[in-house]
Structures are given as C-alpha cells and as structure tokens.
Amino acid sequence: MKSKSSNNWVISVSPYLYPVIKDHGHLYLNFERVRIETFISVMQCSTCGSLGHTRNHCSNTKACIRCSSTDDHDRTSCNPRCINWITQNARFRSGFPENHGCRDKNCPVLIQFIKRTIDRTDYGR
C-alpha cells in the first residue's frame, strides 16, 4: 500500500479478506486514504541473471547482468542481451529478440514469470 506521504506500508491479511480489500481499491488508516497495490517479488540471481533462484543456490557461471557474457569486461559499453530469452530460445527453439537486459521490467519472460506467480498464489478465492 502507498499513502500520500509516499510511505510504503506492508500489511498481511487473511486470504478471505484480501479480495474484499483489493476490490475496494483503498483503505483508511490513521485518517489517511491508502491505495492498495499488490507487490509480487520474483527471485532473480545476481550471479547469472536467471529467474527462479538466488546467488546462494546458483550453480551457473558468473555472467554480466547486462549482456549475459561470461567475459570480464566494462558493463557500460556492452550491448544488452537477456539471459532469460537466450535460455527460452535455446530450450524451445524460438527466435524471440534478446536485445534487452535481464532486469528489464518489460521482458516478456519476466512478465510471464510474474503472471505465473500470481496464478499460483492462493488469495482465498
């Protein structure tokens, strides 16, 4: 939730109460109207850039987060290349564009991963 004073509040509610609050769109806390936003956290490795695990559980080679290269180079001069699309293209033999970084919020693989996380979350419906 986010208030007018730009404070972020995190609340935990019963799965049965969540849809009611979400459908209403806002709450009043301390006489202040607070907008309801759902935040979905996605695990992304800071070592290899892949989704679904963290660096503590990574068995991949260290790669540049921007271009997915395993070479030691200057990150400011490399061309973006998404490791998640590289993996998807190799796995499914698809030809999707890889010309963005793995932390790009508009990455279709990331969007699909977030959607799958939301679909698997029990909101008590």
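Me: What makes Arg 81 partly exposed rather than buried or exposed?
Reply: In this predicted model, Arg 81 has a relative accessible area of 40%. Buried means under 20% and exposed means over 50%, so with 40% Arg 81 is called partly exposed.

Me: And how do you know that Glu 98 and Arg 81 form a salt bridge?
Reply: Happy to show you: their side chains meet at 3.0 Å, N to O. The cut-off is within 4 Å, so the pair qualifies. Glu 98 lies in the loop between H2 and H3 and Arg 81 in the loop between strand S2 (32–35) and H2, so the contact ties together parts 17 residues apart in sequence.

Me: Why is Glu 98 called buried?
Reply: Its relative accessible area is 19%, and buried means under 20%. Glu 98 therefore counts as buried.

Me: What makes Lys 115 and Asp 119 a salt bridge?
Reply: Their closest N and O atoms are 3.1 Å apart, and the limit is 4 Å, so this pair passes too. Lys 115 and Asp 119 are four residues apart in helix H3, which means that about one helical turn separates them.

Me: Are those two residues buried or exposed, and how do you know?
Reply: Exposed means over 50%. Lys 115 has 52% relative accessible area, so it is exposed; Asp 119 has 54%, so it is exposed as well.

Methods
Residues are numbered from 1 along each chain as its sequence is written. This is a predicted model: local features need pLDDT of at least 70, side-chain atom pairs count only at pLDDT 80 or more; totals for chains, interfaces and linings use all residues. Side-chain values use heavy atoms; hydrogens and water are left out. Helices (H or I, at least four residues) and strands (E, at least two) are DSSP runs, numbered from the N terminus. Buried means under 20% relative accessible area, exposed over 50%, partly exposed in between (1.4 Å probe, protein chains only).
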